[in-house]
Structure formats: structure tokens, C-alpha cells
Amino acid sequence: MCDGHDTLRSNNKDLQQVEKQWDRRNFLTKTSLGLGALALGSLMNPERTFASLAGGGSENDAVNSILKNKLGLPHHVPKAKRIVYLFQSGGPSQLDMFDYKPKIKDMFGKDLPASIRKGQRLTGMSADQSIFPIAPSIMDFKQYGESRAWVSELMPHLAEVVDDLCFVKSMQTDAINHDPAITFMQTGNQLPGRPSIGSWLSYGLGSDNENLPTFITLISKNMAGQPLYSRLWGNGFLPTEHQGVQFRSGKDPVLFLSDPENYDGHDRRKMLDYLGKLNDLQHDAYGDPEIQARMAQYEMAFRMQTSVPEVTDMSDEPDYIFDLYGKDSRDPGTYAANCLMARKLLEKDVKFVQLYHQGWDQHIGCPEGVRAQCKRTDQANAALIKDLKQRGMLEDTLVIWGGEFGRTVYSQGQLTKTDYGRDHHPKAFTMWMAGAGVKPGFTYGETDDFSYNVVENPVHIHDFHATLLHLFGIDHEQLTFKHQGRRFRLTDVHGKVVKDILT
């Protein structure tokens, strides 16, 4: 008679399949592959390969490290090692901050000429206006630095670092409303479901710190505005370990990371080891890559229980650093505090740090709204540039600032000498970059006298993405992922590298 185990085996087809996977031939094939990969790894990078094993990693870690090389990345020598993207949600007004247009000062209240508007589509918020009255900025502009860059009175701190910045004043997008425009900027497509920029970089280049996620997101607290969804830093159809991890202010920076009450976690390592063995059997039976992805997330969460409290502890920052970033930097979750946290994460070799700051959607009360936003963000933006530079990190850290689109030169709603609103404008807006591989003290692109149309060197979102990947050593046309029978990429079937802004 069969004992209980034999009965279970005979009645369980899944178990039979698992055992079949582990016959003598499969065992020898799998072990030889592991040893071969380990040998290859030792030839390519012996310190990293054997250090990972000595540090408590497994042979699978070494194998996975080698398998990543099949992507052939990077394609060329990278200029950037890490990136911090300061995303300003809502559409900052380029006219009131960077794109100085003195020739319209005498055109206050006049209807925007049809030859300028060129029948471009309008949002539902201004489509019913009988006229489109020109609203020149009431901000005072000056030129700063050796680069003589134009900056408005709203950003005295950023004016101090203009010679480190590369302004792109000819940005263009296809989307005119917030959600598709933000989604487009973050994923390369207006429709939800595609991988975000950080997920593509994580998939292509992997991590430089095994104790922290490759891709981390921070959101300014207590800011109203257009909603932000986790899909903006999601992995889309890429394996789930490449999704962004949101860090929050407060007691638990990462949700569900802390041990439950009355559990000291002393046996968690043993528990994960047993769970890993079960999942290995499950993976051998079904071949579902998400099984391994989930285990990678469990392992990362285990390591983060130690690394996250360490990196989020601000007690070791000296007073002069807090003074540099401004008083808000002492208040966790503010934009200033998040900029400082971003620097700490970059120091730990987190590859992609994404900051989101809401509140730039000034359909009414634009001067007051933009002034308030610049007061919250200007000092911290400049401080981050200065801080990275003084630590020798700016040369291989890419810093990006910008929103999803710009604002119109014409006023939405009531126009007065001191107040106006501005509607969405996708055809011309400004972003700036600094650091790894971009020209410092440089301005690229130009708009017409109304900041309405690009007249020189247009840069589309796809071009922006292609250039970003290029700085990390990636040919945007070669980084693809096959999904539902088609090979997808961040730039879809478009995009060209903007070589003129590169060093």
C-alpha cells in the first residue's frame, strides 16, 4: 500500500510536475548553469560577484546579475549615474518665471492675434471666451550669471546657480489636460498602463544599492492640486520589482514595512528562506516570472527594515545644511525636506528619485499662486544644486525640473493690471536640467514674442525621454520589452537625442 506521501503524489499533478522538473538531467543542467554564470561573473567583475555571495546572497543572485547583461546595457559610456526629477504638477507658468517677453508689455488686454494662435485647440475652460486678452507678466526679470540667463524676481535663490543650469525653453507635448499630460510625461504615453521612466531605468540598469529600491518617489505633503496616482511611478507591464516605492513622512516612511505589534522579527530570515524554497518549486512548476519578482520584493522589504530608518534619519545633518535648504527642511514631508531626503537617497546610490509637488494650476490668481509656489520651492531647488555640487555628486547626477505643460499668454477669466489667470498650453513651455552630461549655463530653444509657439529647436516629450536615456548610456531605440506580441519602449516609435544640450 502507498503511504500518505505516495497518495498525495499520485493525486497531485502539480507535485508530480515539480518532481519531474527535478530529475537528474534537470538537476545537472540547472547546477551547471549556476556554476557557469558564477564563473563568468568572476571574470567580468570578481569583487561584485563574490562579495554578494560572501554577504549572504545566494547563487541565484549571481546568476540573475549575469543574466541582466543579456540586455547589453549600457550601450555606450554613461554620463549619469543617478537622477532626481523635480516634477512640478499642474503646469508652471513659463511666462512668469523664465520665458521673458518684453515686447508684449504694451499689448495688455489686446486680443491674441489669430496668426499667433493658429487655430490651436483650447481647453473647455477657455473655449467659450469671445476674446483672448494678452496678459503680460507683472514680474520683474533680470539676467544673471555669466550665462546671462533670464530669471524672474520670484526665484532669487535659483538665480544664484543659473550657470549650473541648462534651460530648455522649447518643450512641447501632445496633451492639453492634466492627467493625460502627466501620464505622458512620466510614461511616454497618454494612456495609463505603460512603465514609468524610473521603471525603465530600473529594468535596464538594475540597482547600485541592494538595500534600497532602485526607484523611490516622494510627494510634498498638504498640497492641493491635480491628483497623483501610483501608476505614475508604476512598472506597467515590466516585472513588478521595477515599480517605484513611495516614501512618506511620519512614523512609517514605507507602508507595511514595520513588524507587527508584539513581534520582534528574530525569525524573519528563516521564514523568508523557507518561503523562497516554496516559491522556487512553484516557479519551476509554472515558470511564472512574477513569482521570482514577488520574492525579490520580499527580500528587499527585509533589507529595508534596516536601511530605511537609517536613510530617513535626519539627526546627522548639520544646521548649515538645514539653513541651506530653508526652514521648511526641518518639517518632514515638505518640498524642502524632500529635496534634502533626495540628496541622502542619491548618496546611497538610489538610481532614480522622483519628487512630486502639486499646486501649479493657476487658472485664476496666477501671480499670487506662482509667487506662493516659488516661495515654497525656490530655495530648496537651488540648495539641492549647491549641495550636490559641494559633495562632488553633480557631475554624475542628473537633476530635472519641470511640469507637464506650460500656460497661455492670454488671460483666462477676468484680467486686471495686477491679476490674471492662465490656461493650459502644451505647445511651448520651459524645463531646466543640471549635472551629468548637460551643458551648464546654457539656454536651448526659443519661443515667439508671445511664448505661444516654438520658433527654434523644438523638443518633444519623446526627445526629452530619448535624451534622458542617452545620458544613462542607453540607446532609446534598443531598450525594449515584449508585451502582448509587440516590443514596447519608453519613446514608442519616436524621439531623437537632443545632442546640442550635451557636453
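Analyst: Let's start with lysine 221 and aspartate 331, whose side chains meet in a salt bridge with N and O 2.7 Å apart. Lysine 221 sits in the loop between strands S5 (215–219) and S6 (245–247), and aspartate 331 in the loop between helices H11 (319–325) and H12 (335–347), so the pair ties together parts that are 110 residues apart in sequence. A salt bridge here is a side-chain nitrogen of Lys or Arg within 4 Å of a carboxyl oxygen of Asp or Glu. Helices (H or I, at least four residues) and strands (E, at least two) are DSSP runs, numbered from the N terminus. Both partners are partly exposed, lysine 221 with a relative accessible area of 29% and aspartate 331 with 32%. On this scale, buried means under 20% relative accessible area, exposed over 50%, and partly exposed in between (1.4 Å probe, protein chains only).

A word on the source: this is a predicted model, in which local features need pLDDT of at least 70 and side-chain atom pairs count only at pLDDT 80 or more, while totals for chains, interfaces and linings use all residues. Residues are numbered from 1 along each chain as its sequence is written, and side-chain values use heavy atoms, with hydrogens and water left out.

A search of the whole structure finds 24 salt bridges. One of them joins arginine 82 and aspartate 396, with the closest N and O atoms 2.8 Å apart. Since arginine 82 belongs to strand S1 and aspartate 396 to the loop between H13 and S8, this pair ties together parts that are 314 residues apart in sequence. Arginine 82 is buried at 6% relative accessible area, whereas aspartate 396 is partly exposed at 21%.

Glutamate 347 is partly exposed at 37% relative accessibility, and arginine 391 is partly exposed at 32%. Both belong to one network of salt bridges that share partners, which joins Asp316, Glu317, Arg343, Lys344, Glu347, Asp387 and Arg391.

Methionine 393 brings these groups together. Methionine 393 lies in the loop between H13 and strand S8 (397–402), and at 9% relative accessibility it counts as buried. Leaving out residues up to four places away in sequence, methionine 393 touches Arg82, Arg343, Leu346, Glu347 and Leu388, where contact means heavy atoms within 4.5 Å. Alanine 436 is 43 residues from methionine 393 in sequence and 8.9 Å away in space, C-alpha to C-alpha.

In the largest nonpolar core, with 59 residues, Leu86 and Trp432 touch the most other members. The largest share of this core, 9 residues, comes from helix H13. A second, separate core of 46 residues includes Ile83, Val168, Val438 and Ile461. Such a core is a set of buried Ala, Val, Leu, Ile, Met, Phe, Trp, Tyr and Cys residues joined through side-chain atoms within 4.5 Å.

Aspartate 448 lies in the loop between strands S13 (446–447) and S14 (454–456). A polar atom of the aspartate 448 side chain lies 3.0 Å from the backbone nitrogen of serine 451. Beyond four places in sequence, aspartate 448 touches Lys101, Ile116, Asn453 and Val455.

Methods: Polar contact = N/O pair within 3.5 Å; in protein donor to acceptor, adjacent residues only side chain to side chain.
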